[in-house]
Amino acid sequence: MTVSLGGHDHLCGALSAGVRQRGQLLNSSGTGDALFALIDPAQIDDRFFHGGVSCGCHVVGGQTYLLGGTHAAGRMIDWFLGSFYADPSKPRDRLYAEMVEHAAAAPIGSHGVIVLPHLRGSLTPHNDPVAKGAILGCGARTR
C-alpha cells in the first residue's frame with residue numbers, strides 16, 4: 001500500500017519552524033514573501049478574502065491558518081539583477097554580493113526610493129492580479 005501526504009510549502013515550512021499554536025506567526029520568504037499565522041477560525045470573514053489573504057486548515061490538525069503576502073520577494077531581486085546588473089561575464093553569486101554591498105552602503109530609507117514589487121500582480125492587502133510594479137522616488141542623484 002502506498003501512502004502519500006502533501007501540503008502547501010508555507011504551511012509545511014511553518015510546521016518545521018514550530019508554528020503549531022494560535023497566535024504564532026512566521027515570515028516565510030523565498031520567491032515570494034508570506035506572513036503566516038494560526039488564528040481562531042471565528043475571526044475569518046469576507047475582509048480576508050477581498051484582501052488577498054487565504055485561510056484554511058493547517059497541516060497540524062485542528063488549527064486554522066491565515067496567509068498573506070506578495071508574489072515577488074526573491075523573484076524581485078532576480079529581476080532587478082537581470083535588469084540592472086546585467087554583466088554576463090560575472091558569476092551570479094558575485095552579482096548578489098555586489099547588490100548586498102551597495103544596499104549596505106545606502107542610507108536608511110534610501111533617500112525616499114520605494115519599490116512596489118508587483119511583478120506578478122499584488123496579493124495582500126489589495127488583491128489585484130493585474131497590478132504592476134514600480135520604483136518610485138528616483139531623482140538625478142539616485143544610484
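A residue counts as partly exposed when its relative accessible area falls between the buried range, under 20%, and the exposed range, over 50%. In this predicted model, S110 has a relative accessible area of 33% and is therefore partly exposed. S110 lies in the loop between α4 and β5, and its phi is positive, at about 45 degrees, although S110 is not a glycine.

H111 is also found in the loop between α4 and β5, where it has a positive phi of about 55 degrees, again without being a glycine. With a relative accessible area of 65%, H111 is exposed.

## Helix α4

Helix α4 covers residues 92-105, a run of 14 residues, and from its first C-alpha to its last it reaches 20 Å, which is close to the 20 Å expected at 1.5 Å a residue.

Which residues of α4 are buried? They are L95, E98 and M99, and, seen down the axis of α4, these buried residues fall within an arc of 100 degrees, so they line one face of the helix. What covers the buried residues of α4 includes α3, residues 74-84, whereas D93, V100 and A104 are exposed on the other side of α4.

## The cis peptide bond at P125

T124 and P125 are joined by a cis peptide bond, with omega at about 0 degrees. P125 is found in the loop that runs between β5, residues 114-116, and β6, residues 134-136.

Terms used. Residues are numbered from 1 along each chain as its sequence is written. This is a predicted model: local features need pLDDT of at least 70, side-chain atom pairs count only at pLDDT 80 or more; totals for chains, interfaces and linings use all residues. Side-chain values use heavy atoms; hydrogens and water are left out. Helices (H or I, at least four residues) and strands (E, at least two) are DSSP runs, numbered from the N terminus. The expected span of a helix is 1.5 Å times one less than its number of residues. Buried means under 20% relative accessible area, exposed over 50%, partly exposed in between (1.4 Å probe, protein chains only). The arc is that of the directions from the helix axis to the C-beta atoms. Contact means heavy atoms within 4.5 Å.
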